[in-house]
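Let's take a friendly walk through a protein model. Keep the sequence and the 3D view open as you read.

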Amino acid sequence: MSVTLSNLSLRNARRQAKDYLVYFVTIVMAAALLYAFNCLAFSEEIHTLSQNMSQISMMIVISSIIIVCIFGWLVSYAARFMLSRRSRELGTYILTGLEQKQVARLFFLENLAVGGCAMVLGLAFGNLIFQALRAIVLALFGQKYHFTFEFSMQSAGLTFLYFTFIYLMALLRCRRQICKMKIYDLIYMERQNEGAVFKTSRKRQYIFIVSVVFGILGTLLLIFGNLSVGMAGFLCIIVFLYGFFLTFASGVPAFFDKHPAKKYQGHSLIVFRNLTAKLGTMGILMATISLLFTATLITEGGGLVFNNIFTGRAAQESCFDLYIGSGSADGVSDRYLDYIEQKIPLRQSFLYYIYQSGHSQLIDALNQDVYHYGYQQDPVIRYSDYAALRAIAGYETVALEPGQYLIHCNMALKKWFGSYQKPVTIGDVTLNAGGIYNEYLMQKFGTGNGHYYVIVVPDETADSLMIHHQAYAASTSRPVSEAESLQLMQIREELNIESQTASDYDAIHTKSYEQAYAASMIAVTVFPMYFLALALTMTAATILTIQQLSESDRYRQQFRLLQKLGMDDCEMARTLRTQFLIYYVMPAIPPVLIGTPFILHLANATEPGLMVGASSPTVIAGIALGMFFLIYALYLMVAYISMKRNVLPDVPLREK
């Protein structure tokens with residue numbers, strides 16, 4: 001009997017993998033992603049790229065635990081769903097003489113075989129994903145990529161533990177359920193549905209209105225609140241989603257009962273009869289899927305925002321090979337300069353000053369639109385120093401006409417200064433507006449070349465002004481190493497301890513360190529966020545798809561009957577497509593309405609000059625939506641083609 005059960009388990013496992021191919025492919029992808037990111041966490045090559053990469057193991061392990069819970073829910077749901085769909089078959093086994101424990105073992109073994117095959121295939125495919133991730137990380141650090149096949153026993157072992165936990169928790173629960181159920185309950189388990197929670201029309205309307213109010217309130221709190229307020233907003237959104245889908249799903253039949261004429265417009269009767277049959281008993285599931293999609297969009301958008309923050313800041317702070325902005329009244333310390341002279345080969349370098357204009361004309365005008373700090377008066381730089389800075393940074397030479405001033409600002413302020421064009425008083429001299437330039441020039445902080453902007457004036461005009469701080473810029477013959485950057489920062493800490501003045505804080509930036517730091521933060525922060533977003537999308541889309549594909553037999557019978565009643569092939573295909581689109585679009589609408597304003601607000605909350613051009617908030621929101629709907633559309637397309645082949649086998653894939 002044990003041999004028969006084993007053969008039966010393998011046969012059923014093959015059939016199950018075929019019938020639920022989307023689910024099987026998703027589990028393979030889950031194993032591949034877990035293995036690939038585990039390889040990233042355990043890779044010594046990745047860790048040695050920068051000291052900041054030491055955090056990547058912890059971040060990936062934390063995100064992997066969250067993702068294991070998500071995939072665990074997917075496997076648990078799929079196992080229960082397949083149990084309900086096969087309950088009549090399993091009950092028949094018991095009626096033919098098998099014991100319930102044997103049937104439970106049969107179901108356990110066949111699902112375990114599916115999981116085992118998925119994990120083996122996932123490990124093979126995961127190595128390719130790891131190579132892609134490895135290539136991206138190396139590119140972030142400016143390193144060359146060479147393909148090398150690697151198999152990490154640590155990563156494979158951890159992935160095996162994850163899958164063992166996922167499948168044992170899900171299948172042991174189903175095994176206990178089979179053993180405890182009566183034969184009657186097992187045979188008719190497929191007919192058990194969620195049921196309408198709110199049965200009266202008045203209660204549905206009341207809950208629907210309250211849930212919408214909670215949704216609006218939750219979105220506002222999520223956008224404009226701090227962390228604690230944002231958590232309260234997220235709870236309000238959860239209330240909204242479950243209230244909305246429970247009342248909407250149960251309210252659709254009531255709507256058509258009150259408006260019977262609308263049932264017979266076009267193919268509404270067929271489309272909404274099939275949809276309400278599912279949606280009326282899937283309110284909680286649809287709300288959960290919509291919640292996952294909301295978390296997906298927020299995570300994707302947050303990842304894109306953080307990616308642009310890190311890359312934007314790195315670009316701002318790495319325009320010079322080496323920069324030191326002194327926060328001390330004594331200027332740049334000789335200890336920095338001595339170390340640089342001994343250890344770092346230089347091509348060009350010079351010390352210069354940032355001055356104060358004696359007035360706050362531009363600051364007062366800008367404060368209405370831009371948050372400003374770092375200066376009480378407009379920052380000024382001599383034209384000759386500005387020209388030298390441009391040469392060190394590799395920018396083209398610009399001219400300053402007599403009696404004029406230039407403005408160098410970040411990209412966010414270029415339009416504002418372009419419309420300002422007023423004379424500016426510098427000391428006792430009044431200058432007219434000249435050109436405006438916006439290349440990166442270390443303008444982010446109080447010890448930089450101005451904060452967001454600096455006024456370029458003739459040398460003789462600046463010589464009589466009060467000095468704000470001294471700075472040092474240099475171009476080097478080779479990149480400044482991470483160890484050298486850290487040594488300069490160590491000198492800064494020693495100087496701060498000796499001076500015992502918290503305000504004497506020097507800004508130290510090297511191009512290599514800033515770029516490596518940005519790359520590290522992207523790998524440590526953004527990669528896990530994309531990992532999580534992909535897992536959320538795959539889980540929710542898979543559940544929707546297996547729910548829909550499981551109805552193939554019932555839909556086939558319905559459309560065969562409709563064909564006999566005179567509906568042509570194009571009408572049937574159009575009806576099926578409309579039904580599919582409504583079913584898939586519904587749980588995606590609330591996430592778009594919630595996630596889009598959140599992403600826009602998050603992107604706008606960064607410092608001026610970061611989110612501009614291709615990194616503007618609208619572009620980021622568009623990319624986040626595009627990434628989400630691209631993956632979602634793949635699942636929809638696969639499900640639609642599969643359903644169409646099963647339900648409408650005589651209809652060509654392209655409608656007439």
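## A lysine in a loop

Leaving out residues up to four places away in sequence, which residues does K422 touch? They are Y405 and A433. Bear in mind as you explore that this model is predicted.

To find K422, look in the loop between α16 (411-420) and β5 (424-426). With a relative accessibility of 44%, K422 counts as partly exposed, because that label covers values between 20% and 50%. Now look for N432, which is 10 residues from K422 along the chain. The C-alpha atoms of K422 and N432 are separated by 6.6 Å.

Next, turn to the inside. In soluble globular proteins, nonpolar side chains tend to be buried together. Here the largest nonpolar core has 125 residues, and Y23 and L40 are those with the most contacts inside it. Helix α19 (residues 511-549) supplies the largest share of this core, 20 residues.

What does Y23 touch, not counting residues up to four places away in sequence? Its partners are L74, V75, A78, M82, Y167, T542 and I546. There is also a second, separate core of 47 residues, with F320, Y355, I392 and I407 among its members.

## A helix and the glycine after it

Finally, visit helix α5, which spans residues 87-95. Its buried residues are S87, E89, L90, G91, Y93 and I94. Just after α5 comes G97, where the backbone takes a positive phi of about 125 degrees.

Notes:
Residues numbered from 1 in each chain as written. Predicted model: local features only at pLDDT ≥ 70, side-chain atom pairs only at ≥ 80, totals over all residues. Heavy atoms only, no water. Core = buried A, V, L, I, M, F, W, Y, C linked by side-chain atoms within 4.5 Å. Buried < 20%, exposed > 50% of the residue type's maximum accessible area, 1.4 Å probe, protein only. Helix = DSSP H or I, 4+ residues; strand = E, 2+ residues; numbered from the N terminus. Contact = heavy atoms within 4.5 Å.
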